[in-house]
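Take a walk through this fold, from the whole chain down to a single side chain. Start with the overall layout.

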Amino acid sequence: MNSKAELHVLFDRHEIETAVRRLASEISKDYRNRNPLLLGVLRGSFVFIADLIRHLDFPLEVDFIGLSSYGSGTQSSGKIKVVKELETPVRERNVLVVEDIVDTGLTTAFLFQHLQRLKPASVKLCTLTEKPSRREVPVNIDYLGFTAPDKFLVGYGLDANQKHRNLPDICYLEGEA
Ligand code: IMP
């Protein structure tokens, strides 16, 4: 990575808070009394899901699945593998996948195929951000925080080479290879 890359704020912490509250309200309408399993996709979604569930005031469960689609750079390898399997049985459960970002869509498409084999009652997708201009496979997003431009995003859980996850705002890197 180019060490001269500069950080610029794209969505600040107040905009994120507003978006998370809106998403929680939409999710509450659909999932109250259904004891959903919120499935966070590691690692990027851990900040988002932690904030999201604190605005959901009904019974739910949380699990995580670890997927890896990127090498150490910022370009997708296109190859996705499970690096940490979920532990909760999802058969007949209402599963809400919680993503940080949908970029090419390959990771999400892989995950939905993976989950369908486990025979859940339903699977829906909530993602904080998406970059529609980069989509390679169709992905149906049920709950969306922000549409982002084709820039590499970091912060609020999102990383570049494992860095910047701790930024409270979502930023983009400019001048990066
Ligand atoms: P996709 O398979 O191309 O949709 O990429 C999904 C995964 O790639 C996300 O869960 C992220 O881990 C990573 N990713 C894609 N775009 C970005 C970005 O702009 N910043 C950080 N990670 C990203």
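The chain holds three helices and nine strands; these are DSSP runs numbered from the N terminus, helices being H or I with at least four residues and strands E with at least two. Read from the N terminus, the order is β-α-β-α-β-β-β-α-β-β-β-β. The radius of gyration is 16 Å, close to the 16 Å that the globule rule gives for 177 residues, so the chain is as compact as a globular protein of that length. That radius is taken over C-alpha atoms, and the rule is 2.2 Å times the number of residues to the power 0.38.

This is a predicted model: local features need pLDDT of at least 70, side-chain atom pairs count only at pLDDT 80 or more, and totals for chains, interfaces and linings use all residues. Residues are numbered from 1 along each chain as its sequence is written, and side-chain values use heavy atoms, with hydrogens and water left out.

Of the 177 residues, 47% are buried (under 20% relative accessible area, 1.4 Å probe, protein chains only). Now look at contacts, meaning heavy atoms within 4.5 Å. Among those between residues at least 6 apart in sequence, 67% join residues at least 24 apart.

Next, zoom in on Asn94. Asn94 lies in strand E5, residues 94-102. Is Asn94 buried or exposed? Its relative accessibility is 13%, so Asn94 counts as buried. Its side chain makes polar contacts with the side chains of Arg34, at 3.0 Å, and Ser122, at 2.6 Å. A polar contact is a pair of N or O atoms within 3.5 Å; within protein, one must be able to donate a hydrogen and the other to accept it, and residues adjacent in sequence count only if both atoms are side-chain atoms. Leaving out residues up to four places away in sequence, Asn94 also touches Tyr31, Pro36, Leu37 and Ala121.

Terms used. Buried < 20%, exposed > 50% of the residue type's maximum accessible area, 1.4 Å probe, protein only.
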